[in-house]
Amino acid sequence: MSTAPSPHQQSEERQQPARSSPPAVIPLAVTAIIGAAVAALSAMLALRGLYSLMGSPGVVAKTALIVAAVVVWAPIITALPAISGARRRRALLEQDQVVEARHTSALARESALTSLGYAAAVLVLAGLLGFATTNDGAIAQTFLRGSFIADAWLDVLKAFWVNVRVALGAEVIVLVFGLVIAVMRMLPGRAGRPLRVLAILYADTFRAIPGIIVLYLVGFGLSLADVPVFRDLPPIWL
């Protein structure tokens with residue numbers, strides 16, 4: 001016959017989870033510092049390549065590069081509280097202050113994870129910058145040429161306005177036509193089955209076709225095919 005635990009034993013059992021040691025912070029903190037250092041060094045190399053590509057940058061460009069070179073080391077500063085938190089956690093455990101040690105451990109782990117997040121962002125930006133400046137800046141000269149952008153910005157602005165007009169008109173047409181298709185798919189009974197099948201086939205077919213192909217087929221194909229009514233519509237409407 002088993003005996004019930006005494007009140008003292010029950011109290012010890014309730015306190016046992018609270019007295020378990022919090023997870024270690026040092027491995028995560030060291031990982032955060034190493035990751036932040038790797039990201040910062042990668043960013044410095046990318047900024048150096050950008051500086052070499054710019055030749056003789058002006059004061060504003062130099063200032064921006066210096067500020068960027070300082071900012072990329074911020075993840076390491078974010079990781080430092082994790083190291084101090086790990087030391088404080090150890091001291092609190094030696095003093096048998098488990099609750100305070102858990103709280104300190106949680107804050108330290110949060111600092112380390114935050115540092116890793118910022119380091120990952122810096123590493124991604126460094127990779128993009130290095131990709132843009134590789135091969136003597138071939139990517140930047142091809143896609144980010146300042147003179148070409150200055151010459152084409154007015155045409156791009158006009159084309160953007162065309163895009164806005166097309167989007168506004170298409171929204172009205174889509175709402176009406178999409179409502180018709182939706183009603184067809186919801187027709188009940190055997191009488192509505194043919195229309196339901198057609199609506200399902202239409203929706204599934206056009207979901208599988210890339211939108212740019214539909215634009216080409218409608219915008220250029222209908223006029224080239226000399227389809228009545230559509231051949232007389234302007235390109236905006238098509």
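**Reading helix pairs**

Guide: Let's start with handedness: helix 2 and helix 4 cross in a left-handed way, where left-handed means the near helix is turned anticlockwise from the far one by less than a right angle, and right-handed means clockwise. This is a predicted model, where local features need pLDDT of at least 70, side-chain atom pairs count only at pLDDT 80 or more, and totals for chains, interfaces and linings use all residues. Residues are numbered from 1 along each chain as its sequence is written, and side-chain values use heavy atoms, with hydrogens and water left out.

Visitor: At what angle do the axes of helix 2 and helix 4 cross?
Guide: Axes are lines fitted to C-alpha atoms, for helices over the stretch in contact, and angles run from 0 to 180 degrees between N-to-C directions. Here helix 2 (residues 26-54) and helix 4 (residues 74-94) cross at roughly 165°, their axes coming within 9 Å. So helix 2 is roughly antiparallel to helix 4 (over 145 degrees; under 35 is roughly parallel, 65 to 115 roughly perpendicular, the rest oblique).

Visitor: Which residues make that contact?
Guide: Contact means heavy atoms within 4.5 Å. Helix 2 brings I26, A29, A32, I33, A36 and A37, while helix 4 brings P75, I76, A79, A82, I83 and A86.

Visitor: Is S105 buried or exposed?
Guide: Buried means under 20% relative accessible area, exposed over 50%, and partly exposed in between (1.4 Å probe, protein chains only). S105 has 1% relative accessibility, so S105 counts as buried. S105 sits in helix 5 (residues 98-143).

Terms used: Helices (H or I, at least four residues) and strands (E, at least two) are DSSP runs, numbered from the N terminus.
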